[in-house]
Amino acid sequence: MTVGMSAVPPVQGTDLVKTAAGWAKADKDGSCAFFNPTTRSLEIWSKDFGVTGTLNLSRLEASPEKWVLDPFGNAWVVSGAMLYQVDKNGKPGSTIKLPGEVVDLGWGTKGFFLLYGGTGTYLEKRDYLKASLLWSSGRKPKTTEEGSSAAAGGAERLAVSEDGNVLLANGSSLSLSSFDGNKGTLLGETVFALNNAPAPNLSLGGKERGALAWWLGKSVVIAAVPASQAPTEKKAGLLLARLDLAGGSIEFLPTGVTEEHKLIGVIDTEAVLMKPGGGLVFVPIK
């Protein structure tokens, strides 16, 4: 859970709507944490207030790849197969060796979720205090070089619902597996229909899947799908697959932007996308 946003003066000198780059994922309150490689800091941003705070990572020797901020403003940072703790004052803490490379990350109120790829999907939940393992599901990725390479493929993605459960997409399928966020037990699988017919598989062609994002209050997951991965849609650019869990249906929404844009979240009635050259664009959805 990233730091809650409030009506505080913005930090001067940074306009992330124009410059945001790299990995990011929106929290349920609409805030995001972006890494600024120039200042080596995480910048906490929301659309309403801009940048409202920073966390200095200059004392962290590793290159940040993914991260989560706990409810107190401290960070857990993923780099390769390592997990690093940095407190809100920038002081490094614990270092934990992970079982493989992390392909996606999400969080809830009581812990965060690490998703690994490879020959079989492996999901962990860890607490915010010491990153202690709370539960795991699936088979750990191989520790060999071959297994590590497979784990970095990126055919798995996750989203966390507002009740703390995990929705998981795996491989080329547009179905979603659901896991209990507290226990890690598999709750079931939702197979979606497109125009009253089974939804087709994506044509990944060895490429990574786009991100998933939970749409707060809608029981809907939004998935980023480049049109080249859904050739039956006869559309161009980046598409957003609207996966309706309640109705079991899927709809592809055009965005009007190129495939190279990345989904980082849904805020109110807009999908937040990152431009390939840096900066954000907001696409209305319904």
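The legends below describe close-up views of a predicted model. Residues are numbered from 1 along each chain as its sequence is written, and side-chain values use heavy atoms, with hydrogens and water left out. Because the model is predicted, local features need pLDDT of at least 70 and side-chain atom pairs count only at pLDDT 80 or more, whereas totals for chains, interfaces and linings use all residues.

**View 1. The largest nonpolar core and the surroundings of leucine 114.**
The largest nonpolar core has 30 residues, and those with the most contacts inside it are Leu42, Leu83, Phe112 and Leu114. A nonpolar core is here a set of buried Ala, Val, Leu, Ile, Met, Phe, Trp, Tyr and Cys residues joined through side-chain atoms within 4.5 Å; buried means under 20% relative accessible area, exposed over 50%, and partly exposed in between, with a 1.4 Å probe and protein chains only. At least two residues of this core come from each of strands E1 (32-36), E2 (41-46), E4 (66-69), E5 (75-79), E6 (82-86), E8 (102-107) and E9 (112-116), and the largest share, 4 residues, is supplied by E5. Helices (H or I, at least four residues) and strands (E, at least two) are DSSP runs, numbered from the N terminus. Once neighbours within four places in sequence are left aside, leucine 114 is in contact with Val78, Leu98, Val102, Asp104, Leu105, Tyr122, Leu123, Glu124 and Arg126, where contact means heavy atoms within 4.5 Å. In soluble globular proteins, nonpolar side chains tend to be buried together.

**View 2. The salt bridge between lysine 25 and aspartate 104.**
A salt bridge is a side-chain nitrogen of Lys or Arg within 4 Å of a carboxyl oxygen of Asp or Glu, and by this rule the count comes to 7. In one of them, lysine 25 pairs with aspartate 104, the closest N and O atoms being 3.0 Å apart. This pair links distant parts of the chain, with lysine 25 in the loop between helix H1 (16-19) and E1, and aspartate 104 in strand E8, 79 residues apart. Both lysine 25 and aspartate 104 are buried.

The side chains of arginine 157 and glutamate 208 form a salt bridge with an N to O distance of 3.3 Å. It too joins distant parts of the chain, for arginine 157 lies in strand E12 (residues 156-160) and glutamate 208 in the loop between strand E17 (197-198) and strand E18 (212-215), 51 residues apart. Arginine 157 is buried, with a relative accessible area of 7%, whereas glutamate 208 counts as partly exposed at 47% relative accessibility. A salt bridge also joins lysine 235 and glutamate 233, at 3.8 Å from N to O; here lysine 235 is partly exposed at 36% relative accessibility, and glutamate 233 is buried with a relative accessible area of 17%.

**View 3. The open sheet of E12, E13, E14 and E15.**
These 4 strands form an open sheet in the order E12-E13-E14-E15, with antiparallel pairing; two strands pair if DSSP finds at least two bridges between them. E12 and E15 are the edge strands, each pairing on one side only. Neighbouring strands are turned by 25° against each other on average, direction ignored, with axes taken as lines fitted to C-alpha atoms, for helices over the stretch in contact, and angles running from 0 to 180 degrees between N-to-C directions. E12 and E13 are joined by 5 bridges, and leucine 158 has leucine 168 in E13 as its bridge partner. Strand E13 (residues 166-170) is joined to strand E14 (residues 176-179) by 3 bridges, with valine 166 opposite phenylalanine 179. E14 and strand E15 (residues 186-190) pair over 4 bridges, and serine 178 stands opposite glycine 188 in E15.

**View 5**
The hairpin of E13 and E14 has 5 residues between the strands, and glycine 171 takes a positive phi near 65°. The hairpin of E14 and E15 has 6 residues between its strands, and glycine 184 in the turn has a positive phi of about 85°. Asparagine 182 lies in the loop between E14 and E15 and counts as exposed at 58% relative accessibility. Leaving aside neighbours within four places in sequence, asparagine 182 is in contact with Lys125 and Trp135.
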